[in-house]
Amino acid sequence: MDPLTHTLTGVVVAQILPLEVSTTTATITMAISANLPDVDAFLRRLKSTAFIEYHHGLTHSLIGMFILSGLFSLLWTPVVSAPFLTVYALSILGCLVHTAGDLLIHIYKIPLLVPFSQRRFGANILVGLNPLTSSARCGERSLRICARCQLHSALKNPILIILASCVLLGVASGRRYHFSVVGLTLVIFYLLVVVFLRRKARMMCLAHNGIAHGWETTSINVYPASFLPFRWLCVVEENNAYHLGLVDLVRSKDPVAFTTLSKEEGSPLIEAARQTDTVRPLLEKAFHPYATAEPNEQGTLVKWKDLAYAFDPRIDLFTARVQFSPDGTVISEEFRERW
Ligand SMILES: [Zn+2]
């Protein structure tokens, strides 16, 4: 989730806590610590697959949050002149609020219990950083570009709109506690609506004849395809093919139209690309990996992409590209969230 929404969630939660420290101290402490787990975002600057491998990893786990909060509290307690344990508790709560937000978005899930368990958790019901509105340059090493991408994402997020409205109304009316309770209640209600609409989208997909009769389905998954919860991507997997269907709950009442993609795994270049340092980490995380090989003037371009993000045919989302020369040597390889 974007930093603005994380920050506002921390601010709103701080208003409803029964505390002995001042509300200002609690608000600032929660606002900062609600962003702490994203210290791993610097991995994006490494321009490698480190971001897919480690982002939303240790720093978002329970152990990681306790350690991060402890380090932050050691530095922050002298600044705010509040008891260490109060600052530590607020900081842990801020981190938990952050991870609770991230558990809702469409990402490669969070290993909450590492190092004790590698099991990953996540609901995949909200789009995270919006790959459609954000620029193809989002992955570049520039704080300004990164901030602009995050802002694009934030302004499309209904949760941010709800929380920002309640904070403003609370400050203007002097009833911060009441408007914070209203804001959190509305967010919970909104999430229930999202879950309901996802269920509806899934039902529309299941009504397809192929799923009911023809296809030897091994899995059926529904992923968010826009910030408003009315567009969903349905990915139906068979052993040898994927079927992709876009559900628009506002416009389409007809049965969902599916596009079929045959799995082309097995060709030598696709298998060679699978072994590269760029593709391997993507395949370890990808929900529905799919490969294509296209001849071009330099030789052959192999793309490995995650079809869980294939909700816009105009651009490649979550795709690793490996360029081969005519004799099968790797010339270049790169992963981007958006091409
Ligand atoms: Zn995060």
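A residue counts as buried when 20 or more other C-beta atoms lie within 10 Å of its own. Keep that cut-off handy, and remember that you're looking at a predicted model.

**Whole chain.** Colour by burial to begin with: buried residues make up 39% of the 339 residues in the protein chain. Switch to cartoon and you'll find eleven helices and eight strands. As for contacts, take the ones between residues at least 6 apart in sequence: 53% of them join residues at least 24 apart.

**H1 and H5.** Now select residues 3–15, helix H1, together with residues 84–102, helix H5. A pair of packed helices is described by the angle between the axes and the distance between them. For H1 and H5 the angle is about 130° and the axes are 9 Å apart, so the two helices are oblique to each other. Their crossing is right-handed.

Which residues of H1 and H5 meet? Show side chains for Thr5, His6, Thr9, Gly10 and Val13 on the H1 side, and for Leu93, Gly94, Val97, His98 and Gly101 on the H5 side. By type, this contact has three nonpolar, seven polar and no charged residues.

**The loop between H5 and H6.** Next, go to the loop that runs between H5 and helix H6 (143–155). Most residues other than glycine have a negative phi, and most peptide bonds are trans. Here are some spots to check with that in mind.

- Lys109 sits in this loop, and its phi is near 50°, a positive value in a residue that isn't glycine. Is Lys109 buried or partly exposed? It counts as partly exposed because it has 18 C-beta neighbours inside 10 Å.
- Pro115, in the loop too, is joined to Val114 by a cis peptide bond, with omega about 5°.
- Asn124 is another loop residue with a positive phi, about 50°, despite not being a glycine. Asn124 has 20 other C-beta atoms within 10 Å, so it is buried.

**S5 and S6.** For the last stop, select residues 289–296 (strand S5) and 299–306 (strand S6). Then follow the chain from S5 into S6: the two strands form a hairpin, with two residues between them.

Note on methods
Residues numbered from 1 in each chain as written. Predicted model: local features only at pLDDT ≥ 70, side-chain atom pairs only at ≥ 80, totals over all residues. Pairing = 2+ DSSP bridges. Helix = DSSP H or I, 4+ residues; strand = E, 2+ residues; numbered from the N terminus. Axes fitted to C-alpha atoms, helices over the stretch in contact; angles between N-to-C directions. Parallel < 35°, antiparallel > 145°, perpendicular 65-115°, else oblique. Left-handed = near helix turned anticlockwise from the far one by under 90°. Contact = placed C-beta atoms within 7 Å. Nonpolar A, V, L, I, M, F, W, Y, C, P; charged D, E, K, R; others polar. Buried ≥ 20, exposed ≤ 12 C-beta atoms within 10 Å, placed from the backbone.
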